[in-house]
Amino acid sequence: MSQSAHSEGRTTLADYRAALTAPGSRGPVIASILARLPIAMIGISALLYVQRETGSFAAAGLVSASSLAGVSVGAVVQGRLIDRFGPSRPLLIVVSVFALSMASLAVAIEAHLPTFALIPLAAATGLSEPMVGSASRALWTKILPEGPARNAALSYEAISMEVFFILGPGIAGLLITAPWAGTGMVVGSITMVTGAVLFALNPTVRAWGPAPKAKTPLLGALASPGMRTLALAALGFGMVIGFVEVAVPAAATESGHPSLSGLLLSAWSLSSVAFGVAYSLHPWPRRLGLRLPVLLGGFGAFVALLALPSSLWALALLMLLAGAMITPQSTTHSAAIEVVAPRGTAAEAFGWVLTAVTLGLAAGQSVSGYLVEHSGTAAAFLAAGVAGVALAGVVWLLRGTVRAATPVPADGALVGAAS
């Protein structure tokens, strides 16, 4: 596919239908839904669980940030292993570690261990969180040839994640009111483990065998300058969200309605999906090098407006506006990987994007927790906006690096594999 076609990334509804009905796709799609649905649910549930038990948003932010830091490392390591050995063996190994780590974290929280004891356990859960998203995205390059259907499949991956971010926080907000505050974290973990195991054992996924041995640069996918620019844009994206994910529950708690925090976070995901589908049909700007900074800068500016409302209703309305910028960035990140990632690094490249997002989330949540307790929620929202706009400026200066790298090979396609 030409670079201009990649850069435009335009899809149609017929392309989505062709991708999701392709031979061998049904089983992995269903399993990946189960595995990815709890991603936001687990994080928010853990944050609210720790806050409920400790009474401190700062402590909750540190524990959540530790988990995200673990994800940032695990995403790259697992991505490289998936590229090398296929998804099945790596996923089955990490999912067993993840289950043990989550159980240990729940016991530690329930035992009211100090925050410094919770931090390494949270990091272990993040490190071992099964990266089904990386494998699922890379699998489309095995099932589908280059073209509109594959573009639609990659857009589906980004849009479906936003659907999960709609459902996850809402479910977490409801389950935090259950008799046991850890219900949401445990239910989400069981769902993720089930989906990851089903995905790893699916015949289509198992047909993705080990790759031929090849010398890999030390930086792997980050050897590409364009990949580094993309990671920087993803870092800013995650940082802005991290600020908001702590500031919004704090605002809800201050207003006397803590159970509404999950629903408020779902509000901007709702507009994100609605606008994201329309955006994928007519993306703008056309050039990826311009699209990355424009979308990040706009996102930061809209989030800064969240400092203005004096009521939760007004906050929810402005979150709908800011949320419209989320899925367009996710789909742009996914499209950019197809252009800038070096040959044979599809899963690892997605892992680096996920790492950048989660590092941003960790930084944003940590700083936001401090600002909320010492300066108020308005300061956290303003800081999020400043961070987003500032990093957008840096990405703008590096926009020329977002150009075609060696394409990911399409050999070894799994078309026709059983689902």
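Arginine 137 is buried, because its relative accessibility of 1% falls under the 20% limit. In this predicted model, the side chain of arginine 137 forms a salt bridge with glutamate 338, at 3.5 Å from N to O. The count of salt bridges comes to 4.

- Arginine 137 lies in helix H8 (residues 132–143) and glutamate 338 in helix H16 (residues 326–340), so that the pair links distant parts of the chain, 201 residues apart.
- Glutamate 338 is buried as well, with a relative accessible area of 9%.
- A network of salt bridges links Arg137, Arg150 and Glu338.

**Arginine 36 with glutamate 157**

- The closest N and O atoms of the salt bridge between arginine 36 and glutamate 157 are 3.2 Å apart.
- Arginine 36 counts as buried at 1% relative accessibility, and glutamate 157 is buried with a relative accessible area of 5%.

**Glutamate 348 with arginine 80**

- Glutamate 348 and arginine 80 meet through their side chains in a salt bridge of 2.8 Å, N to O.
- Glutamate 348 is buried, at 2% relative accessible area, whereas arginine 80 counts as partly exposed at 31% relative accessibility.

**Packing of H5 against H7**

- Helix H5 (residues 57–85) packs with helix H7 (residues 115–127) at an angle of about 30 degrees, and their axes are 6 Å apart.
- The angle is under 35 degrees, so H5 is roughly parallel to H7.
- The crossing of H5 past H7 is right-handed.
- On the H5 side, the contact residues are Ala59, Val63, Ser66, Ser67, Gly70, Val71, Val73, Gly74 and Gln78.
- On the H7 side, they are Thr115, Leu118, Ile119, Ala122, Ala123, Thr125, Gly126 and Leu127.
- The residues of this contact divide into 9 nonpolar and 8 polar, with no charged residues.

Definitions and conventions:
Residues numbered from 1 in each chain as written. Predicted model: local features only at pLDDT ≥ 70, side-chain atom pairs only at ≥ 80, totals over all residues. Heavy atoms only, no water. Axes fitted to C-alpha atoms, helices over the stretch in contact; angles between N-to-C directions. Helix = DSSP H or I, 4+ residues; strand = E, 2+ residues; numbered from the N terminus. Parallel < 35°, antiparallel > 145°, perpendicular 65-115°, else oblique. Left-handed = near helix turned anticlockwise from the far one by under 90°. Contact = heavy atoms within 4.5 Å. Nonpolar A, V, L, I, M, F, W, Y, C, P; charged D, E, K, R; others polar. Buried < 20%, exposed > 50% of the residue type's maximum accessible area, 1.4 Å probe, protein only.
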